[in-house]
Amino acid sequence: MKLSDFIIRRALLSIIVLLGVCVITFFIARIIPANPAAMWVGAHPTQEQIERAKKELGLDKPLYIQFLIYMNKLLHGDLGVSIRTHRPVLSDILSFAPASLELVGTSIIIAVVIGIPLGVISATRKDSWVDHLSRLFSIGGVSIFTPWLGMMGQLLFFKWLGLLPVGDRISIDVSIQYPIQRITGFYLIDSLITGNFVAFQDVLVHLMLPAFVIAAYPIGLVTRMTRSTMADILEEDYIRTAKAYGIPSRAIAYRYALKNSLGPTITVLALSFAYSLVETFLIEMVFNWPGLGRYAAFSIISLDYPAIMGVAIFIALVYIVLNLIVDILQAVIDPRIRLT
Amino acid sequence: MTELMVKENMKSILSKQAITKIQAVIIAVIIIVAAAIGIAYFLLQPSPGPSIAVYAYATTDVVVFWDPSETYSNEVVVFNNVYEQLVRYDPFQDKFIPVLATNWSVSDDGLVYNFTLRKGVKFHCGHEMTAYSVKYSIERNMQGWDGQGPRGASYIWDPVEEINVIDNYTVQFVLKYPASLLTIASAAYCAHIYCEQCTEQHGHDWFYEGHELGTGPYMIESYDKEKDMVVLTKFDNYWGGWEGKHFDKVIIKSVPEWSTARMQLEAGEVDIVDRLPYEDIAVLEQNPDIEIVRTPAYQNMFGFFNTEKYPLNITEVRKAISYAVPYDDIINTVMSGNARQARGPVPYGLWGHSEDLPQYNYNLTKARDLLIQAGFNPDEQWCTLIYTYNAGDEYERRTGELLKSELAKIGINLELRGMPWEEQWGMAQSENPEDRQDIFVMYWWPDYPDPYTFLGPMFHSEEEIVFNLAYYDNPDYDQLIDEGFAIAGTNRTRAEELYIQAQRILIEDCPVIFFFDMQYVRPKRASLKGYVDNPAYAHVVFWYDCYREE
């Protein structure tokens with residue numbers, strides 16, 4: 001199938017998925033007994049204020065009409081207004097998403113840079129002490145409770161050694177004296193583009209601890225996957241043939257075996273990325289990181305249904321786009337796979 | 001064959017270089033990161049400059065409502081530095097402090113108030129504050145910015161009939177019914193005076209872009225919603241002047257994770273945190289750089305009995321439970337001693353509170369006797385009660401656990417249910433009393449420092465269920481407190497008598513468990529001076545009074 005046909009087919013399927021997400025989250029959020037109108041008004045609302053808020057929020061209409069109104073607004077790019085923050089949900093998501101994307105993106109890069117060589121070494125020196133150590137390390141990374149790891153990191157690197165900051169994306173003084181001009185919302189990129197090197201270095205330092213802590217899980221994942229898929233491939237006949245030809249083992253490992261084993265690893269990494277965008281909310285709490293995870297968690301706790309739906313749709317979109325990219329990448333890497 | 005081998009060898013040599021390229025990249029990244037950490041360690045100091053203060057605030061969303069006519073949430077912490085009221089209330093001296101009003105008088109019937117305004121007060125936009133500003137601000141609060149009725153806490157202005165400008169610096173309030181207008185004018189919410197000209201020009205939405213029109217000592221320099229942080233900077237033309245030591249800038253930021261806030265306080269990155277768990281307070285007390293400030297708060301905790309559902313519709317049962325509550329245990333273990341047992345619904349430190357009012361004390365024998373009197377057998381389990389609390393609130397939960405073990409001794413099985421506030425409140429408002437909880441636990445705090453704000457919303461009979469979550473309906477009680485409210489502006493002593501009489505009835509009828517009156521416990525750097533915790537302005541630090549001294 002041609003690439004363009006494939007993308008069109010995928011896009012149509014995605015619309016069905018998004019519609020399903022909308023319907024399910026909308027009706028689940030409404031089934032729970034709650035009074036969003038009261039939360040909208042403030043601390044100790046009077047009955048009249050609650051009634052008025054109900055009309056303003058459109059909560060006095062029947063449920064299916066509310067759903068249709070919501071879908072209509074959605075098609076015009078309006079995700080509604082958050083009941084908790086009183087701001088448009090879209091603008092909230094656009095301000096918090098880059099923080100999460102930057103953090104999780106950095107952690108994935110760290111995971112790849114550390115995990116793949118580790119997995120390769122593990123696979124090529126199978127059952128040696130290096131292999132056992134890295135397997136222990138990867139299981140540790142996958143099993144450890146990362147918020148705890150984050151707190152231990154804060155204790156060690158902030159409180160005892162004074163090397164790294166305790167949290168936030170940027171120091172208060174730097175944000176006042178060298179403010180970053182917002183272009184993309186990614187502080188690393190924005191500060192580099194505008195030549196704000198003081199801020200760049202400050203942001204990098206703030207990224208270190210949370211990014212490494214979040215990377216624990218994908219490092220473990222990547223190491224394991226690379227190791228097991230490579231170990232299988234290294235048993236294959238064509239590898240034995242290459243060895244027979246005298247091709248150095250380094251070349252065999254990285255040029256031939258790794259490329260073939262990357263496929264499943266990339267898929268898993270992409271899913272881990274999408275999952276981490278919201279799942280890391282505890283780490284965002286620990287490091288006071290203004291990300292999507294925290295926003296989603298607070299929205300859920302306060303039953304802020306426009307925000308909950310906004311986040312659900314956004315994450316669904318991320319998954320859809322990522323899956324699309326991964327499938328295309330697979331076809332590029334492995335000519336045996338044909339897009340269907 | 002040899003040609004193939006040569007080609008392969010060439011390829012392998014190149015791929016060796018390719019591998020070293022990857023290694024080179026990795027090494028370069030490591031060097032950059034190490035250099036960044038190294039520079040940061042030496043270049044950047046942890047504490048903010050000498051004239052910048054930092055306040056770490058435990059909830060999210062430092063500012064929710066930007067329009068001063070509808071404030072009702074966390075922004076009160078920011079706005080009471082940026083905006084000012086006519087007067088402020090000092091509970092320690094039980095006096096009203098002149099702020100934007102320098103003098104005032106009340107008519108004998110309590111229906112007309114005349115305020116003399118301070119001259120030469122400028123708004124941050126440059127315009128002067130006059131009687132027109134006061135009339136405009138309060139009328140706009142009362143009508144709502146969209147004319148659809150008061151929003152936020154603006155309902156407090158309900159007693160006002162009309163506002164008249166006598167001259168540029170004299171403004172007159174005429175009331176529909178007598179009320180304590182001074183208390184209302186001193187409220188932390190919705191009592192701020194703002195510039196009428198700029199509001200007319202820009203409108204409601206302009207406020208939400210992050211603008212403010214106050215007269216206060218600090219202006220909002222910036223609001224970063226991502227970092228959930230407000231930067232305040234000093235207003236050079238503030239009427240109070242800037243003699244003496246003051247902060248040039250104040251940063252108010254949200255740090256919801258207490259362990260992070262604590263570490264920042266200990267490192268000196270933060271000057272004051274509004275609250276921390278009591279276990280951390282106990283450790284911080286040993287730290288010579290940290291001071292703990294304790295003040296009785298106007299905040300207390302209640303357990304509302306569902307008086308419309310069996311068996312709590314029986315007074316003896318409610319009293320029996322009140323005698324089974326382990327008050328001292330709760331205060332010592334749950335609140336670490338940072339509370340005192342409540343005596344009626346009005347908290348300690350607020351007028352209207354009386355130490356002569358009766359109190360239920362932990363007495364299992366009395367509890368058992370009352371149950372037997374009501375015809376129940378306390379030696380076997382005879383009922384199950386549902387106790388609902390706000391999920392995540394450790395104090396409410398632990399109190400429930402202590403209560404559960406005591407109630408088991410008199411045959412009651414207490415089922416604890418933590419829920420999000422919306423759900424908990426929703427359940428309490430169910431049509432059918434049988435669908436509701438048995439004991440509803442929540443805190444209360446006032447909109448302005450007046451006992452009516454405790455006696456009215458929670459216990460006055462209601463047509464629709466809002467906050468009277470014991471569903472208490474006593475016309476005698478209603479009459480007493482309504483009379484007290486009317487007379488509080490002119491005859492405070494008489495009002496207090498009526499309120500105390502009403503509380504006697506309430507305590508006797510026992511529709512709630514009066515758990516405890518809380519204390520605010522604020523950890524701050526010892527170098528931060530001038531801070532006084534005013535319970536009438538909960539969690540507000542008046543930064544104009546503060547400075548740092550090493």
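Which residue in E7(B) is the bridge partner of B:Ile163? In this predicted model, that partner is B:Phe173.

**View 1. Four strands of chain B form an open antiparallel sheet.** The strand order reads E4-E5-E7-E6. Strand E4 (101–106) and strand E6 (160–167) of chain B sit at the edges, each pairing on one side only. Going from one strand to the next, the twist averages 20 degrees. Helix H3 (residues 131–143) of chain B packs on this sheet, where it touches strand E5 (112–117), E6 and E7 of chain B. The direction of H3(B) makes about 165 degrees with that of E6(B).

**View 2. A hairpin links E6(B) and E7(B).** E6(B) and strand E7 (residues 170–175) of chain B run antiparallel and are joined by six bridges. One place to look is B:Asn164, whose bridge partner in E7(B) is B:Gln172; another is B:Ile163, which is partnered with B:Phe173. E6(B) is hardly covered: among its eight residues, the count of buried ones is zero. As background for this view, strands of a sheet pair through backbone hydrogen bonds, either parallel or antiparallel.

**View 3. Chain A and chain B meet through 55 residues of chain A and 51 residues of chain B.** On the chain B side, helix H1 (2–43), helix H7 (258–267) and helix H13 (421–428) each supply at least two of the residues that touch chain A. H1(B) gives the most, with 13 residues. Sorted by type, the chain B residues touching chain A come to 26 nonpolar, twelve polar and 13 charged.

**View 4. H10(A) is a bent helix in a chain with 15 helices and zero strands.** The C-alpha trace of chain A spans about 85 × 55 × 40 Å along its principal axes. Helix H10 (residues 197–234) of chain A spans only 45 Å between its end C-alpha atoms, whereas a straight helix of 38 residues would span 56 Å. Look for a bend of about 40 degrees at A:Ala216, with a proline, A:Pro218, following within four residues. H10(A) is also mostly covered, with 31 of its 38 residues buried. For chain A as a whole, 43% of the 340 residues count as buried.

**View 5. A:Asn288 has a positive phi although it is not a glycine.** The value is about 50 degrees. A:Asn288 is found in the loop between helix H13 (281–286) and helix H14 (292–301) of chain A. A:Asn288 counts as buried because it has 23 C-beta neighbours inside 10 Å, and the cut-off is 20 or more.

**View 6. B:Asp94 is another residue other than glycine with a positive phi.** Here phi is near 50 degrees. The loop that holds B:Asp94 runs between strand E2 (87–90) and strand E3 (95–98) of chain B. B:Asp94 is exposed, because 12 other C-beta atoms lie within 10 Å and 12 or fewer is what exposed requires. For context, most residues other than glycine have a negative phi, and most peptide bonds are trans.

**View 7. A cis peptide bond joins B:Tyr310 and B:Pro311.** B:Pro311 lies in the loop between E12 and H9 of chain B. Helix H9 (residues 315–324) of chain B is mostly covered, with eight of its ten residues buried. Among the buried ones are B:Arg318, B:Lys319, B:Ile321 and B:Tyr323. The cover over the buried residues of H9(B) includes strand E12 (290–305), helix H11 (364–374), helix H12 (394–408) and strand E17 (512–525) of chain B.

**View 8. B:Leu213 is a buried loop residue.** Its loop lies between helix H6 (204–207) and strand E8 (218–224) of chain B. B:Leu213 counts as buried because 24 other C-beta atoms lie within 10 Å. Leaving out residues up to four places away in sequence, B:Leu213 touches B:Phe123, B:His124, B:Cys125, B:Tyr194, B:Cys195, B:Cys198 and B:Thr199. By C-alpha atoms, B:Leu213 and B:Glu291 are separated by 35 Å.

How values were computed:
Residues are numbered from 1 along each chain as its sequence is written. Chains are lettered from A and ligands numbered from 1 in the order in which they are written. This is a predicted model: local features need pLDDT of at least 70, side-chain atom pairs count only at pLDDT 80 or more; totals for chains, interfaces and linings use all residues. Two residues are in contact if their C-beta atoms, placed from the backbone, lie within 7 Å. Ala, Val, Leu, Ile, Met, Phe, Trp, Tyr, Cys and Pro count as nonpolar, Asp, Glu, Lys and Arg as charged, and the others, Gly among them, as polar. Two strands pair if DSSP finds at least two bridges between them. Axes are lines fitted to C-alpha atoms, for helices over the stretch in contact, and angles run from 0 to 180 degrees between N-to-C directions. The expected span of a helix is 1.5 Å times one less than its number of residues. The bend at a residue is the angle between axes fitted to the seven residues ending there and the seven starting there.
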